[in-house]
Structures are given as structure tokens and as C-alpha cells.
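These notes are meant for a colleague opening this structure for the first time. Please keep the sequence and the 3D view at hand while reading the points below.

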Amino acid sequence: MAQTIEVGVLGATGMVGQQFIRLLEGHPQLKLTWLGASDRSAGKLYPEACSWRLDGPMPAMVRGLTVKECKPAGAPPIVFSAMDASVATEIERAFAEAGHWVISNSRNHRMEHDVPLLVPEVNALHLALVKQQQANRGWKGGILTNPNCSTVGLTMGLGPLRQFGIQRVLVATMQAVSGAGYPGVASLDILGNVVPYIGGEEEKMQTETQKILGALGDGCIVPLDAKVSAHCNRVPVIDGHTVAVSVEFAKDPGMDAVRDAFTRFRGRPQELNLPSAPTTPVLLVDDPTRPQPRRDAMAGNGMTVTMGRLRPCEVFHYKFVALVHNTIRGAAGAAILNAELLLAEGYLNA
Ligand code: NAP
């Protein structure tokens, strides 16, 4: 019988918080028993505090739960964080200090030198950094993070190719409106339009990618020594970020080797058969009209990143398009996979 552990969600009323609730329904190891949000919601029953915006009904398991203030007393050992970044720094730290494991989507702690920034198929070894974090800070708990939603699509595309010596990457994104939370971008700004600016997003894609593809050093990550340049755009799509990538290697590995690297790619989650791990983490398709957000975002229950349009690049070596479900693989599903990795690697027992 698999170990079952109680979990909570900080920021349970938001877009990502709701995805957590949906994905945790019927989870074989993680039992959702605790919900936290702002003092606007605390003290209310979840259905009163939350306007449910996902397809399908609100899961029954949360209908009777009262939303709590985001304070550690009485919270379960693992909390997923989907809080607004303006408040996440202090609250996440308070939970970790009090001995909880905080598995966060927020950007606040991602780039701290002893905080793992995980895409488990690509850098599961970086999880070991939490031991350093606990030693540095005297904590029994810890903070693990997953990257920005577009960075997940980019690094799932670059992870299989790291073996060829990545030198330079140029990436342009077309990002869905659900990436901005609710109510997010005003309809008058986005309908029939493209907004060529998402505050802070390009910098995050550049630095987070270098950390994720970097090597585990002595108590920190040595970032990948490759240049990454990003253009980030908001487009009128509901779910699914499209990421168009050109990449240059130390030397041309050849198209067959690149194709082979994508199709054979598997990681630690597949090896450990983690409950949320897609069988095929990267799905390479040959139809030149795919991937498309509406048709491909839910591949592998939203956990598979679909790749297409793989072809030679006239400036760098190769180019391709990746499609990632931003609130599942780019947020809640990614964090749940991180929690499953933490359990499977025995960190909770330790
Ligand atoms: P959202 O829909 O705006 O939800 C924000 C959540 O934070 C709500 O539950 C809100 O609770 C809570 N909150 C606000 N102020 C708080 C406070 N003072 N104390 C405790 N909780 C507070 O945002 P979202 O899109 O779900 O994003 C959540 C986080 O995930 C952000 O940091 C975001 O950058 C990150 N993220 C989002 C995506 C995505 O695709 N959307 C992807 C990756 C990462 P109330 O309802 O009570 O106000």
C-alpha cells in the first residue's frame, strides 16, 4: 500500500490553486485536507470563497473545507504554494521554518542559490540541494520550486538536447491569458490582439533556463554557460503556451540525432513511475500544423510537452515549436510531480 500524506494549498482560490484541487482529486499518495488564501477568503467555506473557473464541477472533497489564513499552525506537512507573488516570500519562508515542505509555483525563491528549481525529467539531481538549504537555514522543512510556465516548455525542449553542447538559444513565446491569473488581462486589451510585453517574463526565462540546465556543484547550481534570449508575448488563447525555439550547439549533431534525442527522452519520474509522470514527457509530432494550444495542451493529461516543426535553422542549427499547458505542466501539475519525487526519493522519511 502506497504511503498517504496530507497536503494543503496556499492560494487555493486562484487559477493555479484550483488546478491543484482538480489534480489532487483521487491522488493515490497525496490527500488534500487544508486550504489557505488571503484574509478576504479566510473563515469562509471554500465554495463561498472561490469562484470555480475550471471545466467540470468543484470536487466534492473541498466543498466542506473552511479556508484558513496562510499561517503554518495546524497545516499539513506538505503545502503547495499558488499565492500571489506579492505575498509569497515571507509566507513560504514561515512555513518552511516551521518544518513544512513548501512546493512553490511562485517566482520568489526560485533563484536563491540553495533552492532547487526543478523540472524533474531534466534535473531531478538538483533536488539534493534541499539538504544544503536545510543545513544553511537550520530548517527541518524546505522550499522546492518549479519554473515559470514558459520556461517549463523551453527546458523540456532543451533537456533532451543538452548532450550536444547548447551554446545559444533564441525563443519567442505566445502565452495564454490564464497565465496571468484571474481576472488577468482585460478582454479589451487581448481580444483580436497580441501584447508584446509580459513584465519580468523574459528575464525569468533566461536565468531560470540556465539554472535548470546547469550542474549540481558544491552547495549550489553552476548555471549552463549558454546565452538565452527571449521574446514574450500574450495572445488571445485560454490555456497553453506556445514556445518557438532556435538553438545552436557546439557542433551540428545532425537531424537524426536531434530527432532521436526527443523521441527517446525519459527522465527520473518515468524511471520511478511517479503517479503524475506522463509516459511520454516529450511528444514529437510530424504534422506541420501542430502543436496547437486547443488541440495539444491536454496531451498526457496536460503533463506532456508536444514538440513539432523540427527543422534546420538558417541562423542557428535547429528550430522547433513546443506547446506546454501553463497551469498544469507549467504550474500545479509540475509542483505535484515535484512532491511525488520528494516522497519517492525518501526526503520525507529522512
Ligand atoms: P491568482 O488567480 O491571482 O490567485 C492568487 C491567489 O493568491 C489567490 O488564492 C489569492 O487568495 C491568494 N492571495 C492573494 N493575496 C494573499 C495574501 N495576502 N495571503 C494569502 N494568499 C493571498 O494567481 P494564479 O494565476 O493562480 O498564480 C498564482 C501563483 O502561481 C503566482 O505567483 C503566479 O506567478 C504563479 N504561476 C502562475 C501560472 C499560471 O499559468 N497562471 C503558472 C506558473 C506560476 P484570495 O482569493 O483570497 O485573494
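1. A crossing of two helices is called right-handed if the near helix is turned clockwise from the far one by less than a right angle. With that in mind, and remembering that this is a predicted model, one finds that H7 passes H9 in a right-handed crossing.

2. On the H7 side the contact is made by Cys-149, Ser-150, Thr-151, Leu-154, Thr-155 and Leu-158, which meet Glu-201, Lys-204, Met-205, Glu-208, Thr-209 and Ile-212 of H9. Sorted by class, the residues of this contact between H7 and H9 comprise 5 nonpolar, 4 polar and 3 charged.

3. A second pair is formed by H1, residues 15-24, and H13, residues 328-344, with axes that come within 9 Å and cross at roughly 50 degrees; H1 and H13 are therefore oblique to each other, and their crossing is right-handed.

4. In this second contact, H1 residues including Val-16, Phe-20 and Leu-23 meet H13 residues including Ile-328, Ala-332 and Ile-336. The contact of H1 with H13 divides into 9 nonpolar, 2 polar and 1 charged residues.

5. Turning to the ligand, there are 28 residues around it, of which Thr-13, Val-16, Ser-38, Arg-40 and Ser-41 come nearest. An oxygen atom of the ligand lies 3.0 Å from a polar backbone atom of Met-15, and a ligand oxygen is 3.2 Å from an N or O atom in the side chain of Asn-326.

Definitions and conventions. Residues numbered from 1 in each chain as written. Predicted model: local features only at pLDDT ≥ 70, side-chain atom pairs only at ≥ 80, totals over all residues. Heavy atoms only, no water. Helix = DSSP H or I, 4+ residues; strand = E, 2+ residues; numbered from the N terminus. Contact = heavy atoms within 4.5 Å. Nonpolar A, V, L, I, M, F, W, Y, C, P; charged D, E, K, R; others polar. Near = heavy atom within 4 Å. Polar contact = N/O pair within 3.5 Å; in protein donor to acceptor, adjacent residues only side chain to side chain. Axes fitted to C-alpha atoms, helices over the stretch in contact; angles between N-to-C directions. Parallel < 35°, antiparallel > 145°, perpendicular 65-115°, else oblique.
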